[in-house]
Amino acid sequence: MGGGTELGRVRGLGSSKHGAQHWWHQRLTAAGNIVLMAWLLASIALLPGHDYDSVRRWLSAPVAAIPMALLVASVFYHFRLGLQVLIEDYQHGANRTALMVLLNFFVIGAGATAIFSILKIAFTGAAA
């Protein structure tokens, strides 16, 4: 049947030595998301009012804007890691490459938009 030795048949198909790092990144971002989401829910619960002006004043403070930006970055990175696994497991060939490129563009674009919105409120929130 050919194909050479067992080692020759599997060469290049084994571990790329990045699986453990990817696994750790998923776990660390999940833990960070839990902590930051708990902070967000507690902060919203403790607001004096839940109207637009109260939330804008709250988010204009650095003590709120910085963790919120960290939450957005962590959630979008975690999202990207999870979808990367799905794409790698179920797509092959050119589809995989195209989907990974689209995923990266989406995550960067959406995350940048969210962080820009937070920074805009943080830097102009009290004056507006």
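1. The coordinates under discussion are a predicted model, and the remarks below should be read accordingly.

2. Nonpolar core. Twelve residues make up the largest nonpolar core: Leu36, Leu40, Leu47, Trp58, Leu59, Ala64, Ala65, Met68, Leu71, Val72, Ile118 and Ala122. Two or more residues of this core come from each of helix 2, helix 3 (52-59), helix 4 and helix 5 (94-124). Helix 4 supplies the largest share, namely five residues. In soluble globular proteins, nonpolar side chains tend to be buried together.

3. Contacts of Leu71. Leu71 is one of the core residues. Leaving aside residues up to four places away in sequence, Leu71 touches Asn33, Leu36, Met37 and Leu40.

4. Helix 3. Which residues of helix 3 are buried? They are Ser54, Arg56, Trp58 and Leu59. The buried residues of this helix pack against helix 2, helix 4 and helix 5.

5. Surroundings of Phe79. Phe79 is situated in helix 4. Its relative accessible area is 34%, so Phe79 is classed as partly exposed. When residues up to four places away in sequence are not counted, Phe79 touches Leu103, Phe106 and Val107. Phe79 and Val107 are 28 residues apart along the chain, and their C-alpha atoms are separated by 8.0 Å.

6. Aromatic pairs. Three aromatic pairs are found in a search of the whole structure. In the case of Trp23 and Trp24, the ring centres are 5.2 Å apart and the planes stand at 85°, which is why the pair is edge-to-face. Trp23 has a relative accessible area of 40% and is therefore partly exposed. Trp24, with a relative accessible area of 49%, is also partly exposed.

7. Largest pocket. The largest pocket holds about 270 Å³ of space. Helix 2 (19-45) and helix 4 (62-90) are the elements that give two or more residues to its lining. Helix 4 gives the most, with six residues. The lining consists of His18, Gly19, Gln21, His22, His25, Tyr77, Leu81, Gln84, Val85, Glu88, Asp89 and Arg96. By residue class, the lining divides into three nonpolar, six polar and three charged residues.

Conventions:
Residues are numbered from 1 along each chain as its sequence is written. This is a predicted model: local features need pLDDT of at least 70, side-chain atom pairs count only at pLDDT 80 or more; totals for chains, interfaces and linings use all residues. Side-chain values use heavy atoms; hydrogens and water are left out. On a 1 Å grid over the protein atoms alone, a cavity is a set of points where a 1.4 Å probe fits but cannot get out, and a pocket is an open set with protein on both sides within 12 Å along at least five of seven lines; lining residues have an atom within 4 Å of a point. Grid points are joined across faces, edges and corners, and a volume is the space filled by probe spheres set on the points. Helices (H or I, at least four residues) and strands (E, at least two) are DSSP runs, numbered from the N terminus. Ala, Val, Leu, Ile, Met, Phe, Trp, Tyr, Cys and Pro count as nonpolar, Asp, Glu, Lys and Arg as charged, and the others, Gly among them, as polar. A nonpolar core is a set of buried Ala, Val, Leu, Ile, Met, Phe, Trp, Tyr and Cys residues joined through side-chain atoms within 4.5 Å. Buried means under 20% relative accessible area, exposed over 50%, partly exposed in between (1.4 Å probe, protein chains only). Contact means heavy atoms within 4.5 Å. Rings of Phe, Tyr and Trp (its six-membered ring) pair if their centres lie within 6.5 Å; planes under 30 degrees apart count as stacked, over 60 as edge-to-face and the rest as tilted.
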